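Here is a short briefing on fold and aromatic contacts. Please look at the structure first.

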Amino acid sequence: MSMKATGAEIILLALKDQGVDTLFGYPGGAVLPIYDAIYQQNHINHYLVRHEQGATHAAEGYARSTGKVGCVLVTSGPGATNAITGIADALLDSIPMVVITGQVGTPLIGTDAFQEADIVGITRSCTKHNYLVRNVEDLERTLHEAFYIASSGRPGPVVVDIPKDVQFAEYVYTGEIVKSHKTYRPITDGAADQIAEAINLIKNAKKPIFYTGGGVINSGPEASKLLQELVELTGAPVTSTLMGLGAYPASGDKWLNMLGMHGSYEANMAMHDCDVMICVGARFDDRITGRVDAFAPFSKKIHIDIDPSSIGKIIPVDVPIIGDVKSVLADMIKLWKDGNCSQGQPSLDAWFKDINSWRARRSFDYNKTDDVIAPQYAVERLYELTKDKNTYITTEVGQHQMWAAQHYKFEEPNRWMTSGGLGTMGYGLPAAIGVQVAHPDALVVDIAGEGSIQMCMQEMSTAMQFGLPIKIFILNNERLGMVRQWQQLLHGERYSSTYSESLPDFVKMAEAFGCLGLQVSDPAKLDETILEMIDYNGPVLVDVLVEKNANCLPMIPSGAVHNEMILEDVLADTEVSDAGKRLV
Amino acid sequence: MQDHHHTLSILVDNEAGVLARVIGLFSARGYNIESLTVSEIDPVSNMSRITVVTTGNEKVITQIQQQIVRLVPVHSVVDLSLGTASVEREMALVKVAGVGQKRVEALRLAEAFRAHTVDAAVDSFIFEITGRTEKVTQFINLMKPLGLVEASRTGIAATSRGSEAVHTE
Ligand SMILES: Cc1ncc(C[n+]2csc(CCOP(=O)(O)OP(=O)(O)O)c2C)c(N)n1
Ligand SMILES: [Mg+2]
């Protein structure tokens, strides 16, 4: 196929050829030709958000729940700068995303023109790659390349900045899709000798552990199946980062729950004591490792990652395997089976005896009372009442996010959308919109805090406009709870600016947007409120008034080691080293 | 692990903004740049070579290399301070002003350092000196009491010894 088209038409043709049917965006002067082209076609649905940050998070939710590339269209200057937070968020969480930004016409670039911003300059360090397309001849190739780069290797956001005159200019569109690149060549297959070495370590391990992350989710649902198979074959327990939840089912008997700063006692103790660690698609983030010089001190470490720069960045590893998780796991399974490795394996009984003793500490337990709703209880009831439905969970950032990760149990990948790397308050509501667009019949719940929800609450209007029945479940503690907790722990209980004052009446706010607003404070009425939320055919906001000063536990304070977890609520008495205080 | 100087040779596609990507990475990740040279090496294949001198321990240098390779327009990165020996040279234009004894002494030292005189006036010289960085630095230091006005240094150009190309693909 070869046809003459304007730049704006070329953009829509390229999107269509990339299989895009959904675009989140906001119009403006520098993208008028593109919006005009959108108006005149019907294969791409455009969702008008209320703030460009919302468009980027919606695209992230869409991408993470489908495995497809999320697409965003915004105008130049303020439109593009508003999108930055979501772009940076997608970079840190490795979310495939293509963001098309309008730019002032090429003759005006560099003149401080109206709504001009150097977006390629501004986004250079928060994108996987970016482009300024100065000639219409380069437009088609650049767009296809952008999709290839965003979705292959370690996924990430790609910005394509397109000046207005390029959108008007005419050129031929060929429909030739790029699937290779001169200099960018991600490695997908792991090296055979390293895979063999890894299997050798695992089959002789007495205390093995799988430490899995978002890379398993990014590698596709097949990778999660293979992970489960390898876990069953080897018999090793498995823990996951915040980003990897759902890759191994929470109901599985090898499951240790999430690890890290607010992870379970059993996961962190097992990480500390293990003799062989198999890190699969995770990156030894500081929320995971605690004090790096005392991280898993007795272990040999195997690290599977598609990004070579992740390997050895924080923690030295013994067996690096560069490759796509699903390809490497498939090779490992084959080698394990061919070598009959289960035969000569040492017994893991003693290891599971240790693990069971740690599990017996029940580190996620909390105080339940009859007069006030414990935030953990709210998540637990939400889980019980939604687990048999086709449910997707997004979150904002704070204590509620950690309680959601601890108490909502995920059985499948792609069901859990949260801002892990950047920790962006305001992510959850627009992300829920993106998920709901991709899964119109699913139940999509944003577990929120009363602080975070105010950062992108304007998107309730988007949910109304497009008939997206998302549910916003606010754990309202009238506190910027996570920050308050740190002030209690590290700053002598001086609660500087962490009360949520002058809160809106959330029920009235929901109603003002045309959504259903509900409020509950009585633990006995929680279930019926959740059921009402589920049954309502439209967007709902539930204001759950929870205990105000609950702390998120367990916790590894900054600068501490995995086996120095705080389990009980004695936060104020905990000594944190000066070095730890300087960490965040 | 000890910090050492490392000379990295980076082969890139010569596209708009590629230098900004490379040096932006250094500043964003807190690596230092002690010397930087960049120039197109082949207009047909449209490639440029960036030579960076940086410091760090082995782990940091490996990480820097991996981060650079991750940039889309980068073909390859080679650490010239590893393996086979490399040749490194720098050039400087050194302007010295003075008369009488100082002027004579400057000229005498320039000869000793095999610097060329590329411009001369009755009260000034411009010397062109080429050599290892230390030699260039030493020459400039010697010129200070003799009327050094300014020195313009190119940064380091480097290649490996022997018949092989640095970047083989
Ligand atoms: C955009 C942004 N600004 C600031 C922060 C710092 N921060 C982390 S958690 C938090 C408090 C969140 O409060 P809320 O949404 O009520 O959640 P809670 O911790 O109370 O559950 C803040 C301010 C952040 N993560 N993101
Ligand atoms: Mg709160």
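In chain A, 76% of the contacts (heavy atoms within 4.5 Å) between residues at least 6 apart in sequence join residues at least 24 apart. This is a predicted model: local features need pLDDT of at least 70, side-chain atom pairs count only at pLDDT 80 or more, and totals for chains, interfaces and linings use all residues. Residues are numbered from 1 along each chain as its sequence is written, chains are lettered from A and ligands numbered from 1 in the order written, and side-chain values use heavy atoms, without hydrogens and water.

**Overall shape**
- The C-alpha atoms of chain A fill a box of roughly 70 × 60 × 45 Å along the principal axes.
- Of the 584 residues of chain A, 61% are buried (under 20% relative accessible area, with exposed over 50% and partly exposed in between; 1.4 Å probe, protein chains only).

**Aromatic pairs**
- The whole structure holds 15 aromatic pairs over all chains (rings of Phe, Tyr and Trp, the last by its six-membered ring, with centres within 6.5 Å; planes under 30 degrees apart are stacked, over 60 edge-to-face, the rest tilted).
- Phe24(A) and Tyr47(A) have ring centres 5.7 Å apart and planes at 35°, so this pair is tilted.
- Phe24(A) counts as buried at 1% relative accessibility.
- Tyr47(A) counts as buried at 15%.
- The rings of Tyr408(A) and Phe410(A) also make a tilted pair, with centres 5.0 Å apart and planes at 35°.
- Tyr408(A) and Phe410(A) are both buried.
- One aromatic cluster consists of Phe24(A), Tyr47(A), Tyr62(A) and Phe466(A).
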